[in-house]
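Student: Hi! I have a new structure to look at, could you walk me through it?
Tutor: Happy to, let's have it on screen.

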Amino acid sequence: MFEKVQKELAEYFDIDPATITPDTTFDGDLKADSLALMELMFSLESETGKTLNDDVMESVKTVGDLCAVLEKA
């Protein structure tokens, strides 16, 4: 799951995938605003076939958090 999320984030933010780790933060490291997070959520839902609740994204702070949520969905 991490590799899928890493690839999606690297494409979205136009950065080297190697710079994205499970500890990468959305607000601090990636400078993602709420709109970017919503777009990513929709993209990842389509990529993985899983559905994420809007309130779940509020608790997601790192790439690792997002992977854990996707694995449970």
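Tutor: We can go through confidence, the core, side-chain pairs and backbone angles.

Student: What should I know before we start?
Tutor: This is a predicted model, where local features need pLDDT of at least 70, side-chain atom pairs count only at pLDDT 80 or more, and totals for chains, interfaces and linings use all residues. Residues are numbered from 1 along each chain as its sequence is written, and side-chain values use heavy atoms, leaving out hydrogens and water.

Student: Where is confidence lowest, and where is it highest?
Tutor: pLDDT is the predictor's confidence in each residue, from 0 to 100. The lowest mean is 78, in helix α3 (residues 54-59), and the highest is 93, in α1. Helices here are DSSP runs (H or I, at least four residues), numbered from the N terminus. Across the chain the average is 90.

Student: Which residues touch the most other members of the largest nonpolar core?
Tutor: V5, L9, F26, M57, V63 and L66 do, out of 20 residues in that core. The elements giving two or more residues to this core are α1, α2 (34-48) and α4 (63-72), and α2 gives the most, with 5. A nonpolar core means buried Ala, Val, Leu, Ile, Met, Phe, Trp, Tyr and Cys residues joined through side-chain atoms within 4.5 Å. Buried is under 20% relative accessible area, exposed over 50%, and partly exposed in between (1.4 Å probe, protein chains only).

Student: Switching topic, how many salt bridges are there?
Tutor: The search of the whole structure finds 1, and K7 and E11 form it through their side chains (3.5 Å, N to O). The term needs a side-chain nitrogen of Lys or Arg within 4 Å of a carboxyl oxygen of Asp or Glu.

Student: How far apart are K7 and E11 in helix α1?
Tutor: They are 4 residues apart in α1 (residues 2-13), so about one helical turn separates them. K7 is partly exposed at 49% relative accessibility, while E11 is exposed at 51%.

Student: And which residues form the aromatic pair?
Tutor: Y12 and F13, edge-to-face, with 4.9 Å centre to centre and 80° between the planes. Rings of Phe, Tyr and Trp (its six-membered ring) pair if their centres lie within 6.5 Å; planes under 30 degrees apart are stacked, over 60 edge-to-face, and the rest tilted.

Student: What about phi of D14?
Tutor: Phi of D14 is near 55°, a positive value in a residue other than glycine. Most residues other than glycine have a negative phi. D14 sits in the loop between α1 and α2 and is exposed at 70%.
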